[in-house]
Amino acid sequence: MTFKDFNFKENLEKAILEAGFKEPSPIQKEAIPHILAKKDIVGQAHTGTGKTAAFGLPMLNMLDGKNAEALIIVPTRELAMQVSDEIYRFGKLLNINTATVYGGQAYARQIKLIQSASVIVATPGRLLDLLRNNQIEIEPKFVILDEADEMLDMGFLDDIKEIFTHLPKERQTLLFSATMPTAIKNLAKNILNEPEFVTVTQADVTNKNITQTFYVVDERERDDALIRLFDYKNPKKSIIFCRTKKDVDRLSTFLLSQGFMAKSLHGDMEQKQREEAIRAFKSSKLEILIATDVAARGLDVNDVTHVFNYHLPFDSESYVHRIGRTGRAGKDGMAISIVTPHEFRTLQRIQKDIGSKLESQVIPNIDTVKNKKIDELKQNIIEQEVKDYAIKIVEDLKEEFDISTIAFKLASIIASTTYVKGNNNIGKSEIDIKKLLESLSKPGREDDRRSRNGRGGRSGSRNRSSSYGDRNNSSGSRRRDSSSSRTRGNDKQPRASRNRSRD
């Protein structure tokens with residue numbers, strides 16, 4: 001099946017071709033015919049499955065270009081901008097204007113944009129403010145709720161219900177959500193009219209183009225492990241996910257100190273700063289974006305080669321959303337998780353929920369990384385076209401040196417790129433990981449696991465200093481010593497006491 005099979009308008013087909021879309025994704029194949037038939041739908045699909053095009057393309061095909069014909073409601077500013085950009089990309093040849101409406105911007109300017117736009121993309125809070133105060137009057141014939149479960153999690157359910165009291169009864173309503181909790185099912189019953197249900201099965205939850213791996217390290221080794229993996233994998237464009245804004249800022253400062261082009265993305269930043277970071281990342285002026293889950297929700301960049309989970313997320317849904325940033329538009333992607341022994345339970349739960357097994361790997365040592373860099377360097381030399389100015393440089397040098405000496409000197413200059421920082425061995429070995437997995441499979445060994453976590457492995461003495469800075473190691477040692485003392489305290493408790501505390 002191709003997009004031509006939907007019989008879209010000629011200019012819409014041209015826009016689809018310009019965007020590089022070839023074959024519709026599963027959610028697009030299922031949803032688009034129902035939408036073109038003017039049916040309400042409930043679409044259950046995760047991020048990265050092509051939901052925006054699934055509702056955007058048929059909607060654009062049916063618009064007349066009148067004011068406020070379509071309303072798209074999304075949970076975050078970032079997603080509002082992403083969806084608006086996508087709709088503009090597909091609708092530009094149809095002369096369809098879009099308005100993006102969210103908090104933190106001037107009301108007057110947004111109201112003016114709405115008055116000349118066919119499609120409004122809005123976050124619930126700002127949209128409800130405008131409707132309550134009678135600053136806008138809109139009668140859209142299309143209303144789309146995107147990431148409905150995310151809006152529920154962010155506390156927008158009551159706002160959504162109130163927004164629909166301001167909208168016309170006669171409309172086509174589309175609801176998209178990654179999960180279907182009871183509150184979303186009840187909402188669908190109230191706002192949709194005999195909807196069709198479109199679901200992407202669990203087998204399709206994670207993109208098959210994404211290779212998923214994990215590496216086991218002690219807590220104090222996270223930074224070392226991240227740098228080593230960057231040296232080895234040499235990602236072109238990557239997103240690193242942290243759990244907190246504080247972690248994002250600290251890691252951004254650390255990577256900048258190591259010479260990487262990295263920027264933060266989180267909710268405490270000014271909107272202008274966030275927009276600049278996303279724009280720089282999209283245009284490849286920035287190679288690394290370090291983000292929290294909410295800030296990166298809906299971030300749509302087709303050429304992200306790697307996603308790194310600096311910390312595992314607390315829930316499986318966030319994991320799916322994170323890794324969905326790579327492997328887009330039919331390209332291959334890599335999802336890499338840095339995991340401590342304490343996070344193994346979370347890792348197992350995520351694997352069970354998503355129906356995919358993450359491959360355990362060992363962080364390469366210095367020689368492995370260096371040999372890989374040298375092999376890549378040799379290949380680059382073989383493939384390098386000889387330039388005229390290079391010939392002149394060599395000819396000039398031949399007046400002072402023989403050709404072998406020139407070659408050795410030039411090779412020495414470019415070979416400096418093969419230098420690898422850090423300790424030789426980082427993280428757990430295959431044997432250590434196997435033992436950890438075996439210990440998890442044995443019932444009644446929780447106290448033993450607690451006492452073993454953070455010890456052993458290939459990382460050597462706990463007093464070992466890191467080439468990336470003693471500050472991180474010293475703080476890691478303090479945490480580890482504190483953890484050890486707590487464990488020893490638990491071991492001294494009577495068994496009955498330990499059981500009561502766990503209950």
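**Stop 1: a bridge between two strands**

Select His-306 and Met-334: in S13, Met-334 is the bridge partner of His-306. Bear in mind throughout that this is a predicted model.

Now widen the selection to both strands. S12 covers residues 306-309 and S13 covers residues 333-339; the two pair in the parallel sense over 4 bridges. Strands of a sheet pair through backbone hydrogen bonds, either parallel or antiparallel. Further along, Asn-309 has Ser-337 in S13 opposite it.

Next, show the side chains of S12. Which residues point which way? His-306 and Phe-308 point one way from the strand, while Val-307 and Asn-309 point the other way. All four are buried.

Turn to S9, which also pairs with S12 in the parallel sense, over 4 bridges. Select Ile-240 there and look across to Phe-308 in S12, which stands opposite.

**Stop 2: the whole sheet**

Select all the strands of this sheet. It is an open sheet of 7 strands with parallel pairing, in the order S10-S11-S9-S12-S13-S8-S14. Which strands stand at the edges? They are S10 (262-265) and S14 (359-361). Each has a single partner strand, so one side of each is left without a neighbour in the sheet. From one strand to the next, the twist averages 25°.

**Stop 3: Ser-252**

Select helix H11, residues 245-257, and pick out Ser-252 within it. Is Ser-252 buried or exposed? Its relative accessible area is 6%, under the 20% cut-off, so Ser-252 counts as buried.

Now show its surroundings. Leaving aside neighbours within four places in sequence, Ser-252 is in contact with Ala-262, Lys-263, Ser-264 and Ile-290.

**Stop 4: Lys-434**

Go to helix H19, residues 430-440, where Lys-434 is found. Lys-434 is exposed, because its relative accessible area of 54% is over the 50% cut-off.

Draw a distance from Lys-434 to Ser-360, C-alpha to C-alpha. The two are 74 residues apart in sequence and 9.6 Å apart in space.

**Stop 5: a nonpolar patch**

Which helix gives the most to the patch? That is helix H18 (residues 403-414), with 3 residues.

Zoom in on Leu-410, which lies in H18. Leu-410 has 40% relative accessibility, between the 20% and 50% cut-offs, so it counts as partly exposed.

Zoom out and colour by secondary structure. The protein has 22 helices and 14 strands. Of its 503 residues, 50% count as buried.

The protein exposes about 25100 Å², and carbon and sulfur atoms supply 48% of that.

Among contacts between residues at least 6 apart in sequence, 77% join residues at least 24 apart.

Conventions: Residues are numbered from 1 along each chain as its sequence is written. This is a predicted model: local features need pLDDT of at least 70, side-chain atom pairs count only at pLDDT 80 or more; totals for chains, interfaces and linings use all residues. Side-chain values use heavy atoms; hydrogens and water are left out. Buried means under 20% relative accessible area, exposed over 50%, partly exposed in between (1.4 Å probe, protein chains only). Contact means heavy atoms within 4.5 Å. Two strands pair if DSSP finds at least two bridges between them. Axes are lines fitted to C-alpha atoms, for helices over the stretch in contact, and angles run from 0 to 180 degrees between N-to-C directions. Accessible areas come from the Shrake-Rupley method with a 1.4 Å probe; for residues, only the protein chains shown count as cover.
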